Amino acid sequence: MPVIVVQKNILEGVDIKDYIKYSITYSVVNGNLGKLQGFKPDSVTINENGQKITKEVILAYCDNQLSYSKDYGALLPRGILV
């Protein structure tokens with residue numbers, strides 16, 4: 001199942017207690033490992049050029065800001081928009 005990484009502040013107001021929780025292990029380019037906590041919502045709707053796409057995904061959240069210029073607040077996996 002695809003994992004979307006989102007900044008935790010984007011999820012403000014979302015009560016994640018009612019969802020199944022996951023621990024997602026990841027590795028970075030230098031080989032270091034880490035874990036993100038996540039949950040599986042019923043679905044996620046993505047708006048791509050005016051077209052809405054609904055997907056089943058796991059949302060993993062992080063405390064860090066993903067973009068220094070604040071251009072985006074989530075990272076989508078390759079192929080999710082296909």
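How many bridges join S1 to strand S6, and which way do the two run? I started my notes there: five bridges join S1 to S6 (residues 58-62), and the two strands run parallel.

**Ground rules.** I'm working on a predicted model, where local features need pLDDT of at least 70, side-chain atom pairs count only at pLDDT 80 or more, and totals for chains, interfaces and linings use all residues. Residues are numbered from 1 along each chain as its sequence is written, and side-chain values use heavy atoms, with hydrogens and water left out.

**Sheet.** I took helices (H or I, at least four residues) and strands (E, at least two) as DSSP runs, numbered from the N terminus. Two strands pair if DSSP finds at least two bridges between them. With that, I get an open sheet of five strands in the order S2-S3-S6-S1-S7, with mixed pairing. S2 and strand S7 (74-75) are the edge strands, each pairing on one side only. I also looked at S3 and S6: three bridges join them, and they run antiparallel.

**Who faces whom.** Val 3 stands opposite Ile 58, Val 6 stands opposite Tyr 61, and Phe 39 stands opposite Leu 59.

**Burial of S6.** My cut-offs are relative accessible area under 20% for buried, over 50% for exposed, and partly exposed in between (1.4 Å probe, protein chains only). Five of the five residues of S6 are buried, so the strand is largely enclosed by the rest of the structure. Ile 58, Ala 60 and Cys 62 point one way, while Leu 59 and Tyr 61 point the other way.

**Rings.** I counted rings of Phe, Tyr and Trp (its six-membered ring) as a pair if their centres lie within 6.5 Å; planes under 30 degrees apart are stacked, over 60 edge-to-face, and the rest tilted. The structure holds two aromatic pairs. In one of them, Tyr 19 and Phe 39 sit 5.3 Å centre to centre with 40° between the planes, a tilted pair. Tyr 19 lies in the loop between S1 and S2 and Phe 39 in strand S3 (residues 33-39), so this pair ties together parts that are 20 residues apart in sequence. Is Phe 39 buried or exposed? At 1% relative accessibility, Phe 39 is buried, whereas Tyr 19 is partly exposed at 26%.

For Phe 39 and Tyr 61, I noted ring centres 6.5 Å apart and planes at 45°, so that pair is tilted. Phe 39 in S3 and Tyr 61 in S6 are 22 residues apart. Tyr 61 is buried, with a relative accessible area of 16%. Ring pairs link Tyr 19, Phe 39 and Tyr 61 into a cluster.

**Gln 7.** I found Gln 7 in strand S1 (residues 3-7), and at 9% relative accessibility this residue counts as buried. Contact here means heavy atoms within 4.5 Å. Leaving aside neighbours within four places in sequence, Gln 7 is in contact with several residues, including Cys 62, Asn 64 and Tyr 72.

**Ile 10.** Next I looked at Ile 10, which lies in the loop between S1 and strand S2 (21-27). This residue is partly exposed, with a relative accessible area of 48%. Ile 10 and Asp 71 are 61 residues apart in sequence and 13 Å apart in space, C-alpha to C-alpha.
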